[in-house]
Amino acid sequence: MLLSTITRRKKIKKVIVIVLSILALFYILSPIYWVIVSGFQTERALEDRPPHLVPTKDIVTLNHYNFLFTGNIPPDSTLMLQSMYTMSGTLVYPDIINSILIALFVTFINLVLGFPAGHVFARYRFWADKKIFLLMLATRLLPSISIVIPMYIILNRVGLLDTKFALICIYTA
């Protein structure tokens with residue numbers, strides 16, 4: 001009797017944890033779902049109340065993404081949306097390529113420098129290993145915003161302000 005009560009409580013606890021996890025997952029993923037679904041709806045469909053949680057064939061469009069990658073303003077957009085398109089009228093494609101290239105360079109540099117450093121700290125003991133390791137950890141505790149102004153001043157003086165090389169250096173540091 002006592003054993004069956006304990007196993008029953010464990011099962012109930014497990015079900016409650018699973019249900020709460022599913023609810024938390026729904027709560028976390030629902031804004032992401034809404035952003036994706038909204039990107040494929042027409043402007044008029046986005047203004048409808050109640051909103052379309054599952055888009056139908058008559059409101060699905062790729063015009064927003066067509067504008068992002070080609071710069072062509074959708075013909076069915078209203079004047080308000082057209083003014084927003086012209087204000088933000090830059091293509092996203094070059095920015096995506098830049099982001100990917102910078103991410104690849106930073107990842108490569110961090111792997112080339114990080115693997116040997118991690119190996120040395122894990123396998124070998126030398127006179128200042130703990131002090132250097134603690135110094136590296138202490139720099140990670142420093143809020144990033146606290147070094148923005150000094151970083152700006154340094155990059156401005158060196159002439160690297162607004163360059164990809166500066167971004168790679170900052171992300172690698």
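The model is predicted: local features need pLDDT of at least 70, side-chain atom pairs count only at pLDDT 80 or more, and totals for chains, interfaces and linings use all residues. Residues are numbered from 1 along each chain as its sequence is written, and side-chain values use heavy atoms, with hydrogens and water left out.

**Helix crossing**

Helix α5 (residues 93-123) and helix α8 (residues 164-172) have axes that come within 9 Å and cross at roughly 45°. On the α5 side the contact (heavy atoms within 4.5 Å) is made by N98, I102, F105, V106, I109 and N110, and on the α8 side by K164, L167, I168, Y171 and T172. By class, seven nonpolar, three polar and one charged residues take part in the contact of α5 with α8.

**Aromatic pairs**

Rings of Phe, Tyr and Trp (its six-membered ring) pair if their centres lie within 6.5 Å; planes under 30 degrees apart count as stacked, over 60 as edge-to-face and the rest as tilted. The count by this rule is two aromatic pairs.

| Pair | Centre to centre | Angle between planes | Class |
|---|---|---|---|
| F121 and F126 | 6.2 Å | 40° | tilted |
| F121 and F133 | 5.5 Å | 55° | tilted |

Ring pairs join F121, F126 and F133 into a cluster. F121 has 19% relative accessibility and counts as buried (under 20%; exposed is over 50% and partly exposed in between, with a 1.4 Å probe and protein chains only). F126, at 31%, counts as partly exposed, and F133, at 40%, also counts as partly exposed.

Technical notes: Axes fitted to C-alpha atoms, helices over the stretch in contact; angles between N-to-C directions. Helix = DSSP H or I, 4+ residues; strand = E, 2+ residues; numbered from the N terminus. Nonpolar A, V, L, I, M, F, W, Y, C, P; charged D, E, K, R; others polar.
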